Amino acid sequence: DIIPQPLLDQYLSMTDPARAQTVDTEIAKHCAYSLPGVALTLGRQNWHCLKDTYETLASDVQWKVRRTLAFSIHELAVILGDQLTAADLVPIFNGFLKDLDEVRIGVLKHLYDFLKLLHADKRREYLYQLQEFVVTDNSRNWRFRYELAEQLILILELYNPNDVYDYLRHIALTLCSDKVSEVRWISFKLVVAILQKFYANSANALGLNFINELVVRFRHCSKWVGRQAFAFICQVGMFSLCFYVYMKFG
């Protein structure tokens, strides 16, 4: 009643390898690009019509097809709702996390948008995996690490202060020592956002411990780049730093 059956059958047949040889070599990519729109038109109650096709596309040998799905998986999660997302999209999302950087960047760019749709217990399972984004296939791909820092600034609101301290703090410190200045600069903003997270949640002990770690790691660094990093962190987060100095020394 929503889409004529012949039209839907024609769309689903776009994943047939024979079509790629006779019609268009990139027909699977076109299918992947259109899938969220088709899913929205059919509605979540008819997701079963597309599930097998989506899984086929998610395992396609062409990374461009998987990349297309990775960039839109957060939109599909909104269409399907939390239950179908947990059952059908999370396994594919997990696969994309271990894929090529060209695919992983699609997940990373909308990481916050996807994680916020998950239940808190499921979302917490990704805390340890976030540090895997620091490692890339090509170390010169600094924009990947820059995107990670930007996403973490948003993701902070999804986790409690203890989780931020135990997991995200380590990533922030690593990024602050990156070889690329653009990555370091956005990471300084991430450090300040973490301090503000502690302040907003009255986690003063965690904040002071973090400040002490910044002082030891950067303020007393033997290299000028480290000391410069501390100066920039102070510049970006003057309010947060002043607050913790006041709390410690009065």
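Which residues line the largest pocket? Select Val134, Thr136, Ser139, Arg140, Trp142, Arg145, Thr174, Leu175, Ser177, Asp178, Lys179 and Val180, and you have its lining on screen.

Before going on, a word on what you have open: this is a predicted model, where local features need pLDDT of at least 70, side-chain atom pairs count only at pLDDT 80 or more, and totals for chains, interfaces and linings use all residues. Numbering runs from 1 along each chain as its sequence is written, and side-chain values use heavy atoms, with hydrogens and water left out.

**Stop 1: the pocket**

Stay with that selection. The largest pocket holds about 230 Å³ of space, and its lining splits into four nonpolar, four polar and four charged residues. (Nonpolar here covers Ala, Val, Leu, Ile, Met, Phe, Trp, Tyr, Cys and Pro; charged covers Asp, Glu, Lys and Arg; the others, Gly among them, are polar.) Colour α9 (142-155) and α10 (161-176) next: each supplies at least two residues of the lining. Helices here are DSSP runs of H or I, at least four residues long, numbered from the N terminus.

How is a pocket found? On a 1 Å grid over the protein atoms alone, it is an open set of points where a 1.4 Å probe fits, with protein on both sides within 12 Å along at least five of seven lines; lining residues have an atom within 4 Å of a point. Grid points are joined across faces, edges and corners, and the volume is the space filled by probe spheres set on the points.

**Stop 2: a salt bridge in the lining**

Now pick Arg145 and Asp178, both on the lining list. Their side chains meet in a salt bridge at 2.4 Å, N to O. (That term needs a side-chain nitrogen of Lys or Arg within 4 Å of a carboxyl oxygen of Asp or Glu.) Arg145 sits in helix α9 and Asp178 in the loop between α10 and α11 (181-200), so the pair ties together parts 33 residues apart in sequence. Arg145 is buried at 8% relative accessible area, and Asp178 is buried at 10%. Buried means under 20%, exposed over 50%, and partly exposed in between, using a 1.4 Å probe and protein chains only.

**Stop 3: helix α6**

Select residues 101-109. Seven of the nine residues of α6 are buried, among them Asp101 and Arg104. Those two form a salt bridge, with the closest N and O atoms 2.9 Å apart; they lie three residues apart, about one turn of the helix. Show the neighbours too: the buried residues of α6 pack against α5 (63-97), α7 (111-115) and α9, where contact means heavy atoms within 4.5 Å.

**Stop 4: Lys51 and Asp88**

The whole structure has eight salt bridges. One of them joins the side chains of Lys51 and Asp88 at 3.3 Å, N to O. Lys51 is in α4 (48-58) and Asp88 in α5, so this pair ties together parts 37 residues apart in sequence. Lys51 is partly exposed at 28%, whereas Asp88 is buried at 11%.

**Stop 5: the aromatics**

There are 10 aromatic pairs to look for. Zoom in on Trp185 and Phe188, an edge-to-face pair with 6.0 Å centre to centre and 80° between the planes. (Rings of Phe, Tyr and Trp, the last by its six-membered ring, pair if their centres lie within 6.5 Å; planes under 30 degrees apart are stacked, over 60 edge-to-face, the rest tilted.) Trp185 is partly exposed at 31%, while Phe188 is buried at 3%. Finish with Phe93, Phe114 and Tyr126, which form one aromatic cluster.
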